[in-house]
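User: I have a structure open and want to learn how to read it. Can we go feature by feature?

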Amino acid sequence: MIKQSPFKYFKTSPEVIRLAVMLYVRFPLSLRNVEDLLHERGIEVSHETVRYWWNRFGPMFASEIRQKRVQQLRAHSKWKWHVDEVFVKVNGKRHYLWRAVDHEGEVLEAVVTKRRNKAAALKFLKKLMKRHGCAEEIVTDRFASYKAALRDLGALEKQQTGRWLNNRVENSHLPFRRRERAMQRFRRMRSLQKFASVHSSVYNHFNQERSLASRDTFKLTRAAALSEWRQLCSG
């Protein structure tokens, strides 16, 4: 059975749609900023069109990226996980974004909950382990709910806590925080969960750890990531 292209009924070319979604999700830009950047390239679209494109195609692109990477991550990301949560305002109310990264900074999972307790920690860790297996070490802060949740999962001996041990995941929150400010926060929990998931996949795709590689290697990996992005959902 031939899979139908998701771009079939759109007059705009897939290349322009991919560019608009990449600019909006990857960089701390508003919808109107993306509209202006596209205008500079001779592409006339409104910011509402950019909003529609990102809502329609962002999850598709993120899903395809995730499917291609999940087997690789299952094989190579089980050494150490860093887990942390941050509060995010949704329509003026405090919610919590739970995130896990591996020892190389790859974002493994992002889950939004209304509460910060054992049940929420358990929900997050179960989803993380279902997709990626179980790590050899799980680094957390001293929040008691992590210990209680890991005890229920039979993985308490894998937990590590300590000063500065969790800096990797705490620093990984920064790109999301920059995007949050550009978007002027969120109005619904559902939209926060969607954006966090899409942003995580796009961040993984373009994160080249440039400080750890030579300039020539970085240029090659950056070009490869951009080439792969241009082929997303192309059938």
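Analyst: Start with D152, which sits in helix α5 (residues 144-152). Helices are DSSP runs of H or I, at least four residues, and strands are runs of E, at least two, numbered from the N terminus. One caution: this is a predicted model, so local features need pLDDT of at least 70, side-chain atom pairs count only at pLDDT 80 or more, and totals for chains, interfaces and linings use all residues. Residues are numbered from 1 along each chain as its sequence is written, and side-chain values use heavy atoms, with hydrogens and water left out.

User: Is D152 buried, exposed or partly exposed, and what is its relative accessible area?

Analyst: Buried means under 20% relative accessible area, exposed over 50%, and partly exposed in between (1.4 Å probe, protein chains only). D152 has a relative accessible area of 46%, so D152 is partly exposed.

User: Which residues does D152 touch?

Analyst: Contact means heavy atoms within 4.5 Å. Setting aside residues up to four places away in sequence, D152 touches K118 and L122. K118 is 34 residues from D152 along the chain, and their C-alpha atoms are separated by 9.9 Å.

User: Now a buried case, please. Where is H173 found?

Analyst: H173 is in helix α6 (residues 167-182). Its relative accessible area is 5%, so H173 is buried. Not counting residues up to four places away in sequence, H173 touches D84, E85, V86 and R99.

User: How many cavities of 30 Å³ or more does a search of the whole structure find?

Analyst: The general idea comes first. On a 1 Å grid over the protein atoms alone, a cavity is a set of points where a 1.4 Å probe fits but cannot get out; lining residues have an atom within 4 Å of a point. Grid points are joined across faces, edges and corners, and a volume is the space filled by probe spheres set on the points. Here the search finds 1 cavity of 30 Å³ or more. The largest cavity has a volume of about 40 Å³.

User: Which residues line the largest cavity?

Analyst: The lining consists of L97, R99, A110, F176, A196, H199 and S200. Two elements give two or more residues each: β2 (93-102) and α7 (189-206). The largest share, 3 residues, comes from α7. By type, the lining divides into 4 nonpolar, 2 polar and 1 charged. For that count, Ala, Val, Leu, Ile, Met, Phe, Trp, Tyr, Cys and Pro are nonpolar, Asp, Glu, Lys and Arg are charged, and the others, Gly among them, are polar.

User: Next, rings. How many aromatic pairs does the structure hold?

Analyst: Rings of Phe, Tyr and Trp (its six-membered ring) pair if their centres lie within 6.5 Å; planes under 30 degrees apart count as stacked, over 60 as edge-to-face and the rest as tilted. The structure holds 15 aromatic pairs. In one of them, the rings of F7 and F61 have centres 6.4 Å apart and planes at 35°, so the pair is tilted. This pair links distant parts of the chain: F7 is in the segment before α1 (14-26), F61 is in helix α3 (residues 47-76), and they are 54 residues apart. Both F7 and F61 are buried.

User: What about F10 and F57: how far apart are their ring centres?

Analyst: Their centres are 5.2 Å apart and their planes are at 65°, so this pair is edge-to-face. F10 is in the segment before α1 and F57 in helix α3, 47 residues apart. F57 is buried, with a relative accessible area of 0%. F7, F10, Y52, F57, F61, F206 and W229 form one aromatic cluster.

User: Which charged end sits over the ring of F57?

Analyst: A charge sits over a ring if NZ of Lys or CZ of Arg is within 6 Å of the ring centre and within 35 degrees of the ring normal. The charged end of R56 sits over the F57 ring, 5.8 Å from its centre. Likewise, the charged end of K80 sits over the ring of W79, 5.4 Å from its centre.

Conventions. On a 1 Å grid over the protein atoms alone, a cavity is a set of points where a 1.4 Å probe fits but cannot get out, and a pocket is an open set with protein on both sides within 12 Å along at least five of seven lines; lining residues have an atom within 4 Å of a point.
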